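Biologist: I'm new to this one, so please slow down for me. Pick out the salt bridges and take me through them, side chain by side chain.

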Amino acid sequence: MKDRLANQDSQAVDCVIPVCAVPAEVLGLYSLDRDPDREGDIAEYVEGEAKGESVKHVELVRSEVVLGETFEIWDVTTDKE
């Protein structure tokens, strides 16, 4: 088994990143469960904190309740890196 794993590690694997990725502005078309009001609130907050940046996409990644308090993780894409 060890030899087989070593053989797999030695083989070169190409990782290809697509040249024409989906533009951030249209990613929302592929989100199933959206809340435009909450997305707008998050976009407004990020634009207020990141001066000079414009939000292109906002998506709720995960929401968890811990000890009765809700925590949310948002993915936000802006026009700058």
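Modeller: Arg62 is partly exposed, at 49% relative accessibility (that label covers what falls between buried, under 20% relative accessible area, and exposed, over 50%, using a 1.4 Å probe and protein chains only). Its salt-bridge partner is Glu64, with 2.4 Å between the closest N and O atoms; here a salt bridge means a side-chain nitrogen of Lys or Arg within 4 Å of a carboxyl oxygen of Asp or Glu. Glu64 is partly exposed too, with a relative accessible area of 34%.

Keep in mind that this is a predicted model, where local features need pLDDT of at least 70, side-chain atom pairs count only at pLDDT 80 or more, and totals for chains, interfaces and linings use all residues. Residues are numbered from 1 along each chain as its sequence is written, and side-chain values use heavy atoms, with hydrogens and water left out.

The structure holds three salt bridges in total. Another one joins Arg38 and Glu72, at 2.0 Å from N to O. That pair ties together distant parts of the chain, 34 residues apart: Arg38 sits in helix α2 and Glu72 in strand β2 (helices are DSSP runs of H or I with at least four residues, strands runs of E with at least two, numbered from the N terminus). Arg38 is partly exposed at 29% relative accessibility, and Glu72 is partly exposed at 37%.

That leaves Arg34 and Glu39, whose closest N and O atoms are 2.6 Å apart. Arg34 is partly exposed at 40%, whereas Glu39 counts as buried at 10% relative accessibility.
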